[in-house]
Amino acid sequence: MTNYSPLPFNFKLLSDESVVISNLANMYHVLPNKKDLENLISDIGSLDADAVDKLEQKLFLSTQDDFEAKVQLTASSFTKRIHKDLSSPRLIMIVPTLRCDHHCSYCQVSRVNQNLDGFDLPLSSIPALISFIKKVESPPYKIEFQGGEPLLAFEFIQEFYNQMELAVDKEDFTVVIATSLSLLNDDMLNWCHGKAVSFSTSIDAGIKAHNRHRKLITKNSFELTQKGINSIEEKLGKGKVGTVTTVTHQGLSGWDELVDTHLELGLSEMFVRPVSSYGFAIPKQAKDVSIAEFMVFYRNLIFRVLEDNKKGIPIVEHFLFIHYKRLMNAKDGMYVDLMAPAGYAKNSILIDYTGNIFGSDEARMVYRKYEFENLVLGNNNDQDKSLDIDFSEQILSQSFNFDVPGCSDCVYQGSCGSDPIYHIQEFGEPIGNKAFSRFCQLHQSVFDFIFELLKNDSNRTVLEGWMNE
Amino acid sequence: MEGTKRLILYYKKSQLTELSLRKALYWMSEIAPWTLELEGEQWKVCFECNENEITIRHKFECLVNDYILRSALDSKTSDLKQAIIKKSLKDLSF
């Protein structure tokens, strides 16, 4: 009889009594009950042959003969996973202005009124900006304009694009404008035509909630977004605009309305997440929506999305999909929040309207609120000085999640990430207490939900279909 | 404090390590304030609770059971896990 030994693994009991297990190779397996878990640890002989076979294939069990090989395989998969998180491309975000026409209740950066002076990057900063981008990243460059409302600084975007075209190959950069679309006009769209420019906009859950939180004097933020999306699709074609949905308390029952809105606008992709808890959004969001409340909304949303897919209506929800890709070790399963070591600075960098350089959008939000100087890596206007990365190195070195409290035993460790900036904000240090961490609650809940969904073959087929698209 | 109950649980020191207990207690902080003391040969865990004594007890005992299992698994695989991580990080050659 073969003498099996368990290789290291983590586990979690799910609400239906089944047990998810995972290992350093980031392979997952679901045991039907806790008894099987106990047997896997102490009495492997009592597991059935089929289970043993699967556990062997997934590197949870070894024999004397294959022990060395399986340890090598595990180590190599672990190395590969960390390497993937270390080497994925860096998103360059530029905040050309802090001015905004909206006054959103959960604004994280405390935007300023649109007619104020002194809150814009000058056009004269562009050459230095491009030279900085070329220095810190290699092509193809992914540039995202954030705000404030970047369309208030459209001249800056145009000039940046023109100079970028002269500085690098045209095919070597893409631009995304993150905007409410309220100020989009035909001149802007005509300029975008034929260029590698696309838009990212917001559609909150619940039209009423959207207009309530995304405040405009005209009280028609949603209608303007809707009009903007239609104009983009008409003038630039499909696939040029993506959406991000923020779920607030007022939108908690709006899952069907949200899907319907996307479908009516001809959008087949969505990205849904709870209101974020960074910077100036903290006191407002803390009273707003808990992760448990968000998950009630989110489960209903996903059930609706999956049912639509089963009926032949193709619609992808990317927040779930990215978690699924992380569980499946998909090649393109990169998401800055779900990386360990963290995506901060190595996968994102942001230059704000003052020229200050940050390791992430969240870092500038925390800096704006707490004036935490260590988060400023440098300034675009002072490029002779090298970036101050001591603090960032410290943050990154503490953002591996295999050896920190709360993560070291977690079954989702290999798929999850670490969010040092969030934990600095909440706990004053980059690791934080995961028992109180909204980040931990959210991502664990989504991973749990995926394992629940995968018990149904038709759900699995839909998710696999998304992978193959 | 008026209206606050105390839930006191004892565990034999010979059957449960301090590390397992503290790892389980880590996740309890969000639910109820707790203290851990050694009384002779027993661990004394004390929770401050309101009306949720049964929920707290159930949650904590589940966590303790899980950490006992993890401890059993660690006794067989912990060194190997550290060796794999060490080797992997070395292979990354920063």
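Modeller: Let me start with a term we will need: a salt bridge is a side-chain nitrogen of Lys or Arg within 4 Å of a carboxyl oxygen of Asp or Glu. Please keep in mind that this is a predicted model.

Colleague: Happy to. How many salt bridges does a search of the whole structure find?

Modeller: Over all chains, the search turns up 22 salt bridges. Side chains of opposite charge can pair when their charged atoms come close.

Colleague: What makes A:Glu56 and A:Lys70 a salt bridge?

Modeller: Their N to O distance is 3.4 Å, and the cut-off is 4 Å, so the pair qualifies. A:Glu56 sits in helix H2 (residues 49-57) of chain A and A:Lys70 in helix H3 of chain A, and the two are 14 residues apart.

Colleague: How do you know whether A:Glu56 and A:Lys70 are buried or exposed?

Modeller: Buried means under 20% relative accessible area. A:Glu56 has 18% and A:Lys70 has 8%, so both count as buried.

Colleague: And A:Lys235 with A:Asp186: why is this called a salt bridge?

Modeller: The closest N and O atoms of this pair are 4.0 Å apart, and the rule asks for within 4 Å, so the pair is counted. A:Lys235 belongs to helix H8 (residues 221-236) of chain A and A:Asp186 to helix H6 (residues 186-192) of chain A, so the bridge ties together parts 49 residues apart in sequence.

Colleague: What makes A:Asp204 and A:Arg214 a salt bridge, and which parts of chain A do they tie together?

Modeller: Their closest N and O atoms are 3.1 Å apart, which is within 4 Å, so they pass. A:Asp204 lies in the loop between E11 and helix H7 (207-213) of chain A, while A:Arg214 lies in the loop between H7 and H8 of chain A. A:Asp204, at 2% relative accessibility, is buried, and A:Arg214 is buried too, at 11%. Elsewhere, A:Asp256, A:Asp260, A:Arg304 and A:Asp308 are joined into one network by salt bridges that share partners.

Colleague: How many salt bridges run between chain A and chain B?

Modeller: There are two. One of them joins A:Asp409 to B:Lys23, with the closest N and O atoms 3.8 Å apart; that is within 4 Å, so this pair meets the rule as well. Chain A and chain B bury about 2700 Å² between them, 72% of it on carbon and sulfur atoms. In chain A, A:Asp409 is among the residues that lose the most area to chain B, along with A:Phe11 and A:Ile41.

Colleague: Let's turn to the strands. Why are E2(A) and E3(A) called a pair?

Modeller: Pairing needs at least two bridges, and these strands have four, so they are a pair, in the antiparallel sense. Within it, A:Asn10 stands opposite A:Ser22. E3(A) also pairs in the antiparallel sense with strand E4 (residues 28-31) of chain A, again over four bridges.

Note on methods:
Residues are numbered from 1 along each chain as its sequence is written. Chains are lettered from A and ligands numbered from 1 in the order in which they are written. This is a predicted model: local features need pLDDT of at least 70, side-chain atom pairs count only at pLDDT 80 or more; totals for chains, interfaces and linings use all residues. Side-chain values use heavy atoms; hydrogens and water are left out. Buried area is the accessible area (1.4 Å probe) that two parts lose on being put together, summed over both. Buried means under 20% relative accessible area, exposed over 50%, partly exposed in between (1.4 Å probe, protein chains only).
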